[in-house]
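The following note is meant for a colleague who is meeting this structure for the first time.

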Amino acid sequence: MAGNAARIADVTVTPVAFKDYPLLNTVGVHEPYALRTIVELTTESGVTGIGETYGGTVHLERLRRAAGELTGLDVCNLNDLIARTTRALGEDTSGGDGMSGMVTGSSAVDRVMSPFDVACLDIQGKLLGRPVSDLLGGAVRPSVPYSAYLFYKWAAHPGQPDDDWGAALDPAGLVDQARRMIDTYGFSSIKLKGGVFPPDEEIAAVKALRRAFPDLPLRLDPNAAWSTETSLRVARELDGDLQYLEDPTEGLDGMAAVAAGTPTPLATNMCVVSFDDLAPAVARGSVGIVLSDHHFWGGLRRGLQLSAICDTFGLGLSMHSNSHLGISLAAMTHLAAATPRLTYACDTHTPWKQPDEDVVDTGVLKFTDGRVTVPTAPGLGVELDRDALARLHRQYLDCGLRDRDDTGYMRTVDPSFSTKTPRW
Ligand SMILES: O=C([O-])C(=O)C[C@H](O)[C@@H](O)C(=O)[O-]
Ligand SMILES: [Mg+2]
């Protein structure tokens, strides 16, 4: 096909929905479907690249607006992508993070440009015949470790028969969940989503996991459900049990107060979520570890910039996830592989997705010993399955959900459910 091989001629933005489990967190419970958006860029010469991001009406509308600005973009020109996205959004930059209130203050421009940056890199890789990890500086590890992401959960969505994971509402249930996840995927570290039950119950859960898996690093993430006092008490009781404690309390000052009172490293995907947060976090000593996430840090190339800043200031780097499909897993794997500083097992929600629901063939993204081998085919190394995309788009249209609302869904079961912070 004639035309410039690297210049964008066409952009497609497709919202999709995939089945989700009733996973509990401090703001409520996951609804029966998780929402994502798939973007596809096509160059004048017909090369295509793909990216994945949040669903949600505000974000989707912004993606469509940005898409309207991308014709003519050169896939190598990150600065032009930033400029075009900024122009498309104008003053419209508040809200719309699609994360049910658990990540606030991230940059709308970074969130909106992220899937397009991934798609640009996918195209660059295809043009050069090199995997995305090479374009990011080269893989420093042949495979990327992920952690077992445990959730308290109901046995089923209301009114449905028990799902295949069943309930996990106490320490024994979580140990069973961890065992199954580790047996299936081979994970060698564990993260527990907390902030669901009173802290003493979650301390007991971590202690039970520690006894059941004495050699595996453990993390606990209550999504800022605790006061600084509660955070310090939990940190004291779990002293020596945790690899890191993630977002025990809200805000840079609260986190700094906790960090000053415990030897346990603190990590965050809540109080350091944009480049603007880094200087004040370093000045206050709020966190020891930043959980990167290319979906809200502006894509893969901006992820490398974050890593360089963490290098400069001696911050550790780990990786956050939300419910996601295979395009995101491929992108996360390339970025983590090419980030020397990223030395912790990354988060992934993959075990909470039906294996037969995806928009790409996830065969190359299989987990072995808890790790995903970095794809070596040109670009991301995963191809869009158009039939599957159409199916999941149909599911989006049919399911009726348009915004993630963990709190609203919880209130259909418990009308008195409150999200006051701190909860404890
Ligand atoms: O580490 C985190 O904060 C998350 O993974 C945020 C997610 O939204 C998680 O809480 C979830 O899936 O409910
Ligand atoms: Mg977190």
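1. The model is predicted. The protein is divided into two parts: domain 1 comprises residues 8-130 together with 386-396, and domain 2 comprises residues 134-373. Between the C-alpha centres of domain 1 and domain 2 there are 22 Å.

2. The contact between the domains. Domain 1 contributes 39 residues to this contact, and domain 2 contributes 42 residues. On the side of domain 1 that touches domain 2, at least two residues are supplied by each of β1, β2 (24-25), β4, β5, α3 (108-128) and α13 (386-399). The largest share of that side comes from α3, with 9 residues.

3. The antiparallel sheet. An open sheet is formed by 3 strands in the order β1-β4-β5, and their pairing is antiparallel. The edges are taken by β1 (8-19) and β5 (48-54); each has a single partner strand, so one side of each is left without a neighbour in the sheet. From one strand to the next, the twist averages 20°. The antiparallel pairing of β1 with β4 (residues 33-43) extends over 11 bridges.

4. The parallel sheet. A further open sheet has 7 strands, in the order β7-β8-β9-β10-β11-β12-β13, with parallel pairing. Here β7 (148-151) and β13 (316-319) stand at the edges; since each has a single partner strand, one side of each is left without a neighbour in the sheet. The twist in this sheet averages 25° from one strand to the next. Within the sheet, β11 (residues 266-268) and β12 (residues 289-292) run parallel and are joined by 2 bridges. Ala-267 has Ile-289, in β12, as its bridge partner.

5. The helix across two strands, and a record. Helix α5 (residues 171-185) lies across β7 and β8 (190-193), and runs at about 155° to β7. The unreviewed UniProt entry annotates residues 171-265 as "domain: Mandelate racemase/muconate lactonizing enzyme C-terminal". Over residues 171-265, the chain is 53% helix and 12% strand, and its end C-alpha atoms are 24 Å apart.

6. The ligand site. How many residues surround ligand 1, and which are the closest? The shell has 13 residues, of which the closest are Asn-25, Met-102, Asp-221, Asn-269 and His-320. The shell around ligand 1 consists of 3 nonpolar, 7 polar and 3 charged residues. Why does ligand 1 lie between domain 1 and domain 2? Both domains give residues to the shell around ligand 1, so ligand 1 lies between them.

7. Two local backbone features. Most residues other than glycine have a negative phi, and most peptide bonds are trans. Two places in the chain deserve a look against that background. Asp-247 is a residue other than glycine with a positive phi, near 45°. Asp-247 is found in the loop between β10 (244-246) and α8 (251-261). The peptide bond from Thr-421 to Pro-422 is cis, with omega near -10°. Pro-422 is placed in the segment after α14 (406-413).

Note on methods:
Residues numbered from 1 in each chain as written. Chains lettered and ligands numbered in written order. Predicted model: local features only at pLDDT ≥ 70, side-chain atom pairs only at ≥ 80, totals over all residues. Pairing = 2+ DSSP bridges. Helix = DSSP H or I, 4+ residues; strand = E, 2+ residues; numbered from the N terminus. Axes fitted to C-alpha atoms, helices over the stretch in contact; angles between N-to-C directions. Contact = placed C-beta atoms within 7 Å. Near = placed C-beta within 6 Å. Nonpolar A, V, L, I, M, F, W, Y, C, P; charged D, E, K, R; others polar. Domains from an automatic or database assignment. UniProt positions renumbered as here; feature names shortened; annotations may be inferred.
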